Amino acid sequence: MMTTGRSARQRHAGVWAPHAGFPTDRSGAFQERADRAYFADASCLRSPSRVAPMPTDPPVRILLVDDAAANLVALRSLLAGPEYELIEALSGAAALGYLLKHDCALILMDVQMPDLDGYETARLIRENERTRNIPIVFVTAYGLEDSHLHRGYASGAVDYLFKPYDPVVLRSKVAAFATLHRAQRQLLAQEEQLRLAQRRDHAHALAALELRSLRRQEAAQRRYRTLVEGVTHAVAWVAHPVTHALTFASPSVRSILGRDRDEWVGDPAPLPERVHREDRAAFAAALSGLQPGEEGARIQHRMTRADGELVWFDTSLRLLPTEEGDALELHGFSVDVTEPRRAQEALEFLARAGAELVRSLECADTAASVARVAVPDLADWCVVELSPQLTGESIRVAAHSDPALEEAARALSALPALSLAAQCDEPRVAEDLSQRLLRLDPSSAPLVMQLRPGTLLEVPLRAHGRALGRLRLFSRPERPAPGARERRLAGELGHRAAQAIENAFLYFQAREAVRLREEFLSIASHELRTPLSALSLQLRLLDGMIGSGKVELSGSGAGDFQGRVQKSGRQVDRLTNLVNSLLDLARIRSGQMQLLCERFPLGDLLRDVAGRFEDAMARAGRRLQVDPCAAVGRWDRSRLDQVVTNLVGNAVKYGGEAPISVTVQERAGWIALRVHDDGPGIPPEDIARVFDRYAQGSAGKGGTGLGLGLYIARNIVEAHGGRIRAESGAGAGTTFTVELPCEQSAGASAPRPEAREALAAAPGP
C-alpha cells in the first residue's frame, strides 16, 4: 500500500503539506494543532491510492484515517472500486493536513490513535468552517460505553463501525454516504445551471430594457431638439469642459445676440471671452467651481450683441456626461433677462432718486441732489438750472463723474449756443455737440476739448403748468445715444425732480411767510408796548391822585370815576400781558429768547408771586398756600417768575373755588416745583395739548386769553434744561410739576434717572 523509494516525510511534503491560506476557526486552534502534529510525526502519512474516475460520474473521495497500516489495507480492499477515490492518513495530524487543501465526501477514522485521537481530530474538523459539514464515521475495535458514544457524537461523528468489519455493513454505509454526496453534488450542479439560466434571463431582460431606454433617449433627444429650437427667449449651448469652446448653440442665438449660430459655434474663442469684460472674472470663477454630479452654478452676466447693445443673461451651468457616458460636457442655459433687469435697474434708480430728493427742502440742495442722482446712470455729467423766479436768484448746479470737471460743466451749460429751444415741453436730444459748439461759438474750444460733449438730453422741469427750470444730461461720444428707454427714465426723473423742487419752493415761501409774520409780531409788539406803557402809567398816576385827594371831584361821581380808572388800568395791564405773550411767542419762534441767569432764593420769588394774587384770592374767598422753600439756584428770575405766575394764574382761572398750594422738593441738585388745585380737573382729551400754542381750557372763568401761557412756560422751562408736565383726573384736581436743575444754566440736560426717581417719589401736596 505504500509507495517505495520515497520516505514518508517526502510524501508528506509533496502531497499534503499544510497550506497557509487554509481557513481556520477564529482562535486558530485548527491550524496550530495541525501544524504542530504534522511536524512532530511526519512518518505517519501514507501515499494515497487513486482510482481513475469514470468520465460520466467522477469518483467519490473518501478519507481513511488509522494509525495501523494493516487496518488501512483492510479498508482499501473492502472499498476498492472505480466509484471511490480512497485517501489514506496514518494519523489525525496527517488527516488535518490533507483537509487544509482538499475536500472529501466521507471520513472513516479510527478512535484510538496516539498524540491526536479521533475525538480531538473530529472536534478540530468541526471547528473549521470549510470542513464542518463532512460526515465522520468512527472505526473502533472495542465496545464502547454510553459515555464514549456520547463523546464521539459530541465530537462530530455521525456513525460507528466496529472491527472486524462486516463487509456488507461497511459497503452499505459508505455507499449511502456516497449516494448522499453525489445527490448533493448533483443539486449543486443543478443550482449552478439554474444560476446560469437566471443570468441569461437577466441579461436578456437588461438588453430589452437597454433597448427601450435607448429608444426613449432617442425620443427625448428629438423632443429636446424640438424644444430647444422652439425657445426664443433663451440660448441653450454646449461647450468643452476644459477649453470652454462652444460645440452647440440653439438657433435663438440669432434673434437674441444677432449672430449666426454656425459662426458663433465655429469661433474657437472660449466662452468667458465672449462675456462682458466687467462680468468675465465672475463667469470664469463660476465655471471653475463646477463639479460633475452637483447642482451646478447660476450667474447673471452681460454679453454684447452684434450691434453693440448689451444683453443681460441669467445662465445656469452644469457639468454632465456625454451621451456615450465616457466624457463630460459643459451645458448652459442662458435666459434673456434684459427687460426685467432694465426694469429692476430703473426701479432701483428711481428709488435712489426719491431717497435723495427728500433729504433737503432747500431749492439749491434739491437741485444738487437731482444732478448727483443722474450721474453716471443716465449721463456722464448733469446740470440742473432753476428759474430765478423761484428764489429771486438764478441757480445752476452741476455733477460730473470727475468732480474736478464740475466747474467746467457748469460753464459749458451756460453757453448760449447750447440753447435747444426757447420753450422745451418734452425731452429733446441734441447730438454732435462738439461740432455744434465749435461752429457756433469758437471761443468754447477749451471747454469742448476738456469735456468732449457728444449728446445732450434736455428735460424740462414743470409742475402744475409752471416752468421751474431744466435738467440737462450730457454724454461723451463713446456712450451710446439715449434711446426711448433712457428718455422715459430721464422724463420720470424730471417729473419727480420738479415735484421735489416745487415742494422746496413752497417750503421756501412758507418759511418766508413765517419769518415775515414773526417779524411783524415782534415789531408790532414793540410798537404796541410803548403807548400801552405810557397809558398804564398815566392811569396809575390818575388813580393815585384821586386816592390822595389831589384831584377833587364833587358829588357821588368821585367814587364811580375812580372805579372806572381802576378798571381801565386792569384792562391796560391785560392788554400789556397779551402783547408780551405775542412778543415772547415771536422770540421763541425765531430762537431769540435769551436767559439772564443769576443766583437767588426760590422762596423769595414764590412769595412775590403769591403777593400779587392775595387780593384776588381774598375777594374770591379762596386760599393760596405757599410752603417755605430754602432752595437756591441759578435761573432767570424774570422768566421763572413768568412760569410760576402762569401756573398760579391758570389754577386761579380753572380751579373753581378750591384752594391752591405751591410746594417745592429738592433732590440731588434738582428741584420739583408743584402747583396743585382741587378744582374739577382737566378733561382727558385736553391734558395732552395743554402745552400747545393757542390751547385754551373750557372750564375757566373770567376773560379769555391767547392760549400761550403754558406754551411759553414750557419753552422757558426747557430753555433752563428742565421739563414740565401736567397731571389731572376728573374731580381730582390738577397738578403742574416743573423740574429744574439748581446750578445748570440754559441748555442743561434732562434730569439724571436717579434724580427723576427721587423727584417722582417725593410726596405731592
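Predicted model: local features only at pLDDT ≥ 70, side-chain atom pairs only at ≥ 80, totals over all residues.
Residues are numbered from 1 along each chain as its sequence is written, and side-chain values use heavy atoms, with hydrogens and water left out.

View 1. Within the helix itself (residues 709–719), Leu 710, Tyr 711, Ile 712, Ala 713, Asn 715, Ile 716 and Val 717 are buried. Buried means under 20% relative accessible area, exposed over 50%, and partly exposed in between (1.4 Å probe, protein chains only); helices (H or I, at least four residues) and strands (E, at least two) are DSSP runs, numbered from the N terminus.

**View 2. Ser 387 in the loop between β11 and α13.** Ser 387 lies between β11 (381–386) and α13 (388–391), and with a relative accessible area of 18% this serine is buried. Ser 387 and Leu 461 are 74 residues apart in sequence, and their C-alpha atoms are 9.7 Å apart in space.

**View 3. Two buried cysteines.** Cys 382 is buried at a relative accessible area of 0%, and Cys 597 is buried at 17%. A search of the whole structure finds zero disulfides, a disulfide being a pair of cysteine sulfur atoms within 2.5 Å.

**View 4. Asp 260 in its loop.** Asp 260 is placed in the loop between α8 (253–257) and α9 (261–266), and it counts as partly exposed because its relative accessibility is 35%.
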